[in-house]
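Biologist: I would like a close look at a single part of this model. Please keep the answer brisk.

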Amino acid sequence: MKQTHINIPFQIFPDLKSLDAADAQLMEAARVATGHAYAPYSKFSVGAAIRLENGSILTGSNQENASFPAGICAERVTLSAASATFPGIAVTSMALTYINVSGTGNRPISPCGICRQTLAEYEQRFGRSIRLILGGFSGEIFLISRATDLLPFAFSSQELKQL
Ligand code: THU
């Protein structure tokens with residue numbers, strides 16, 4: 001038996017001003033995108049913004065449905081839009097933020113499990129890491145340099161292949 005462990009490296013920035021200009025721009029875009037959420041049921045508006053390797057920025061937000069499971073998270077709305085609009089172009093960064101029933105939050109949120117799985121597949125498809133910039137509308141911002149780090153032991157297409 002061998003005991004081991006997994007570490008998840010990430011950086012904490014005290015505020016938006018401390019980020020690189022490009023990352024701050026992405027987070028600003030994500031904040032704007034919260035205003036486009038359709039979240040009448042949860043009243044939790046999530047905004048995402050992604051940068052592609054060709055420099056394009058796309059934004060998205062959560063889109064809910066009266067049949068709750070039909071709703072889609074902001075991350076997957078945005079990744080799907082990127083893949084459909086710019087097929088074959090890798091995603092390099094994603095900023096994520098939210099507004100809840102109390103208003104704008106000052107703590108980061110991070111992608112749900114399904115979105116982590118989706119992010120992992122985008123990284124695998126393009127052979128590039130996706131940097132995650134996670135924050136509220138104020139407070140600390142977390143920077144994770146590889147989305148897959150949030151999903152250790154991820155299920156992947158490798159397992160679907162016949163030996
Ligand atoms: N949501 C996201 O858009 N992204 C996440 O990572 C977590 C949750 C959405 C789904 C649902 O519309 C609402 O937030 C409450 O869960």
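Are α2 and α3 roughly parallel to each other or roughly antiparallel?

Modeller: This is a predicted model: local features need pLDDT of at least 70, side-chain atom pairs count only at pLDDT 80 or more, and totals for chains, interfaces and linings use all residues. Residues are numbered from 1 along each chain as its sequence is written, and side-chain values use heavy atoms, with hydrogens and water left out.

Helix α2 spans residues 74-85 and helix α3 spans residues 113-126. Helices here are DSSP runs (H or I, at least four residues), numbered from the N terminus. The two axes come within 9 Å and cross at roughly 25°. Axes are lines fitted to C-alpha atoms over the stretch in contact, and angles run from 0 to 180 degrees between N-to-C directions. Therefore α2 and α3 are roughly parallel to each other (angles under 35 degrees count as such). Their crossing is left-handed: the near helix is turned anticlockwise from the far one by less than a right angle.

Now the contact (heavy atoms within 4.5 Å). From α2 come Glu 75, Arg 76, Leu 79, Ser 80 and Ser 83. They meet Ile 114, Cys 115, Thr 118, Leu 119, Tyr 122 and Arg 125 in α3. By class, this contact has 5 nonpolar, 3 polar and 3 charged residues. Ala, Val, Leu, Ile, Met, Phe, Trp, Tyr, Cys and Pro count as nonpolar, Asp, Glu, Lys and Arg as charged, and the others, Gly among them, as polar.

Glu 75 also faces the ligand: an N or O atom in its side chain is 2.6 Å from a ligand oxygen atom.

Key:
Helix = DSSP H or I, 4+ residues; strand = E, 2+ residues; numbered from the N terminus. Parallel < 35°, antiparallel > 145°, perpendicular 65-115°, else oblique. Polar contact = N/O pair within 3.5 Å; in protein donor to acceptor, adjacent residues only side chain to side chain.
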